[in-house]
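Hi,

Here is the structure I said I would pass on.

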Amino acid sequence: MSATLSASTLLAVPLAPLAGSFLAGVLGTTFGGNVIGRRATHTLAILGVFVAFVLSALTFQSVVFDGARFNETLYTWMVVGDLKMEVGFLIDSLTAMMMCVVTFVSLMVHIYTIGYMEEDEGYNRFFAYISLFTFSMLMLVMSNNMLQLFFGWEAVGLVSYLLIGFWFNKPTAIFANMKAFLVNRVGDFGFILGIGLLAAYGGTLNYSETFAKADEIAKLTFPGTDWMLVTVVCICLFIGAMGKSAQFPLHVWLPDSMEGPTPISALIHAATMVTAGIFMVARMSPLFELSDTALNFIMVIGSITALFMGFLGIIQNDIKRVVAYSTLSQLGYMTVALGASAYSVAVFHLMTHAFFKALLFLAAGSVIMGMHHNQDIRWMGGVRKYMPITWITSLLGSLALIGTPFFSGFYSKDSIIEAVHESHLPAAGFAEFAVLAGVFVTAFYSFRLYFLVFHGKERFDQNPDAHHGHDDHGHHDDHHGDHGPHESPWVVTLPLLLLAIPSVLIGFFAIEPMLFGDFFKDVIFVDAEKHAVMEELGHAFHGPVAMAIHALSTAPFWLAFAGVAVSYYMYMINPALPAAIKRICQPIYTLLENKYYLDWINENILARGARALGTGLWKAGDQAIIDGTLVNGSWKLVGWVAGLVRWAQSGYIYHYALVMILGVFAFMTYFVWLNK
């Protein structure tokens, strides 16, 4: 490609998956008469995403190596006064990287789905959904204005609702998708308020025009208060990110979303939807740099999420939920980096995490398939010899997750810890403790999962649900206990192998250009005088090899090593110890098992309170005041007055004569009294 990017080529990137989704959803389902079969459906869907990936890779090459940029409006939807509502693309290094990550992970998930959803009746519908999700995410990351950003933001939320509730005959899936939808609406309310404030005081929805007015906005205060307007805007925008990127306390939807098929766990919870909030804050860095209050708020929320969601991963027995809580914790790490003004580090971890977390989710799905849809890690063990490809790729993904030197996760995770250490914000002290403690916790629950699944004695025949369970697809299962594990087909193992490569290597090659080079030049903005974190990191960086070797003598490495060692001892050497600890620490275990009672609070206090408030407003406000007083009261008053007037206008002459005599008498009495 040349140094200039073609609008038509860029337009083809999101439209190719959209076309695949349309063809699969219309021609491949009963809606369109099932014109095409399964093979044609998945071929069209995969072809659309493959075209998007190839074009994204070519765009990335042109942006990074040729310095190409694109920032143009493609379509003007509406003009209201001076406010333009447009559709357009902003293609720079941040966008190009996100395009490649989204399309590559999506392509792997599409291929994987052929094997995983092979027996499902909704096979064609599922391909339509995941291709539509890819289109929505691409529109989000490629946008050059907040209107299109919000469109993509809501579109991924809508499609995630459809995907989480894909098996709509399962009550738990319906509850989970409604929960995800409602919790995200809470965050989105803050998000649209932030966008509205920028539109009201900046007069534009375009990124570049908004950033050009950032200094003017920084001088304004929120009406009626002495709060900085930019602080209110940034916190509102981040509340949107809290919902989409599952930050405490708006994280409660993500673990329950495991009710959806495993491929969407990888697609939604690894590279795409949950990272939208991280991407948005990085894109808005010129605004967030103007408010230390907002940055401290972000850092505290990220710290709580990174540490306390990791604790919940320790007690989970569902293989997918362990990986889900790992996602929550790692999203907390990214958020902490954003709060430390290390936006490039957060995006770097977003990229590395996308690959190894997608790998772990898909590997978990492979284990579920091999174990005949058993998801409880307590009834696995010894799977390594039956599923060698799944085993080795899971091990690589786990090593990347815990930050093993030379693995991709090490370079991004270690950079976050160092960035927090160098930050001088008030919240940095708590954040540093949280991310360091999180290293041990992550290593412990990750290798607890690994050891219980792949090592130790086989426990398949001990599963109490082996002969009377329900599989991951919601079907009754009467025979799974009679067969041992088996390796998954090539359409499942190939994506695992392809994802394992970047999970191991990409951090080593990408850290220098992304964090200390010009990769994000003129894309991410940091006030180096107020927040010198990246400058301090640059002074301490002497290459990826030196960084990995130096890490062997640092606290994060030994904390991770300790987490693996303790996990090995507790689950391989002395398996009676976890049960003993559970008995001793029963109150803590109960707290964790109930997920800090946040679901109970949401359902019994917030939801019931909102329902009681709504009922009160309905009965007192709508029925009593509006209907009873204003509507019904007004016609009753008119009727009463009309009744009086009707009595006076009887039509009988003797009534009128009586009124005239009484009137004369009254006047005479009045004047006599007046003359006295």
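**What I found**

Among contacts between residues at least 6 apart in sequence, 80% join residues that are at least 24 apart. Keep in mind that this is a predicted model.

Some overall numbers to start with. The protein has 676 residues, and 55% of them count as buried. Its secondary structure comes to 27 helices and four strands. Taken along the principal axes, the C-alpha atoms fill a box of roughly 120 × 65 × 60 Å.

Next, the surface. There is a nonpolar patch made of Leu11, Leu15, Leu74, Tyr75, Trp77, Met78 and Val80, which together have about 640 Å² of accessible area. Helix H1 (7-27) and strand E1 (70-80) are the elements that give two or more residues to this patch. E1 provides the largest share, at five residues. Leu11 belongs to helix H1.

You'll find Tyr123 in helix H4 (residues 123-142), and it counts as buried because its relative accessibility is 3%, where the cut-off is under 20%. Which residues does Tyr123 touch, leaving aside neighbours within four places in sequence? The contacts are Arg38, His42, Thr113, Ile114, Met117 and Glu118. Thr41 is 82 residues away from Tyr123 in sequence, yet the C-alpha to C-alpha distance is 8.8 Å.

Finally, some backbone details, in case you plan to check the geometry:

- The peptide bond from Phe248 to Pro249 is cis, with omega near 0°. Pro249 is in the loop between helix H9 (229-244) and helix H10 (253-256).
- His373 is not a glycine, but has a positive phi of about 70°. This residue is in the loop between helix H16 (343-370) and helix H17 (388-401). With a relative accessible area of 16%, His373 is buried.
- Lys595 also has a positive phi, of about 55°, and is not a glycine either. Its place is the loop between helix H25 (586-593) and helix H26 (598-648).

Cheers

Methods:
Residues numbered from 1 in each chain as written. Predicted model: local features only at pLDDT ≥ 70, side-chain atom pairs only at ≥ 80, totals over all residues. Heavy atoms only, no water. Patch = residues over 30% accessible without salt bridge, like charges linked within 9 Å, V, L, I, M, F, W, Y side chains within 5 Å. Areas by Shrake-Rupley, 256 points an atom, 1.4 Å probe, with all protein chains shown as cover. Salt bridge = Lys/Arg side-chain N within 4 Å of Asp/Glu carboxyl O. Buried < 20%, exposed > 50% of the residue type's maximum accessible area, 1.4 Å probe, protein only. Contact = heavy atoms within 4.5 Å.
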